[in-house]
Amino acid sequence: MPTSSASTTDASKPAAATGGVQSLERAFDLLERMADAGGEVGLSELSASSGLPLPTIHRLMRTLVACGYVRQQPNRRYSLGPRLIRLGESASRLLGTWARPYLARLVEETGETANMALLDGDEIVYVAQVPSKHSMRMFTEVGRRVLPHSTGVGKALLAHTPAEEVRALLARTGMPAATEKTITTPDGFLEALEQVRRVGYAVDDNEQEIGVRCLAVSVPNSPTAAAVSISGPAGRVTEAATERIVPILLEVAQDLSVALANSGPGQG
């Protein structure tokens, strides 16, 4: 994340993005830094990472606390506040709405059910789905939450997360077996993530549900970590089908990335 010190911010941003809105930019930058730090930080940590002086940070945080977007803990540290939850939920729904035309294209070109999922804390949450037109098809309820270790989207979303962070997440969630094929050890899951990095896509091979195979890729440069996937019967989502489907997945994920960067599919 770029340094937000006054010397770099004023010099590098166009005039329309500085001046009257500089405090707003700084406030959002601090919120993002808090999220990157796990949601709770001290003022000195924010000062060190942002380059802003402590009095400036204190003033901004006082305003964010008053608005409910940050709360001060008894230990004097600051954490992300509850009002952000409503904003996040609304943004997730909107993200799913934007994604639907791209998921529909996936269904049209692959024949299988298409999904979009986000990493929300330690869990995967499905935010959009377009079902296959086959009579035998997969269905995942939008809003459903699952653990990352047994899903293709979970692997796609965690593939580039540092190993120590992945191990910490798995320690918090546990690794219960959904089927006999579920990966249930941290080392096994890290090996699977290495495979994702090597080939560029993730596979859930009967790991969440017997008879179901899923292929997933992350959405590049998404404003929040997101992945798209297709899921179908293992008899249809074969190795041969995978060779055909993965390039389509990658292309759709890239097009969705461009659309999100331009604030919506209509501009992408």
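**Helix α2 against helix α3**

In this predicted model, helix α2 (residues 22-36) and helix α3 (residues 43-50) have axes that cross at roughly 110° and come within 11 Å. Axes are lines fitted to C-alpha atoms, for helices over the stretch in contact, with angles from 0 to 180 degrees between N-to-C directions. The two helices are therefore roughly perpendicular (65 to 115 degrees).

- The contact (heavy atoms within 4.5 Å) involves D29, L30, R33 and M34 of α2 and L46, S49 and S50 of α3.
- By class, these residues are three nonpolar, two polar and two charged (Ala, Val, Leu, Ile, Met, Phe, Trp, Tyr, Cys and Pro are nonpolar, Asp, Glu, Lys and Arg charged, the others, Gly among them, polar).

**S257**

- S257 belongs to helix α9 (residues 239-261).
- S257 counts as buried because its relative accessibility is 6% (buried means under 20%, with a 1.4 Å probe and protein chains only).
- A polar side-chain atom of S257 lies 2.5 Å from the backbone oxygen of P220.
- Leaving out residues up to four places away in sequence, S257 touches V219, P220 and N221.

**Whole chain**

- The chain has nine helices and nine strands (DSSP runs: H or I of at least four residues, E of at least two, numbered from the N terminus).
- Of the 268 residues, 44% are buried.
- Among contacts with a separation of 6 or more, 56% join residues 24 or more positions apart.

**Basis**

- Residues are numbered from 1 along each chain as its sequence is written, and side-chain values use heavy atoms, without hydrogens and water.
- Local features need pLDDT of at least 70 and side-chain atom pairs 80 or more, while totals for chains, interfaces and linings use all residues.

Terms used:
Buried means under 20% relative accessible area, exposed over 50%, partly exposed in between (1.4 Å probe, protein chains only). A polar contact is a pair of N or O atoms within 3.5 Å; within protein, one must be able to donate a hydrogen and the other to accept it, and residues adjacent in sequence count only if both atoms are side-chain atoms. Angles under 35 degrees count as roughly parallel, over 145 as roughly antiparallel, 65 to 115 as roughly perpendicular and the rest as oblique.
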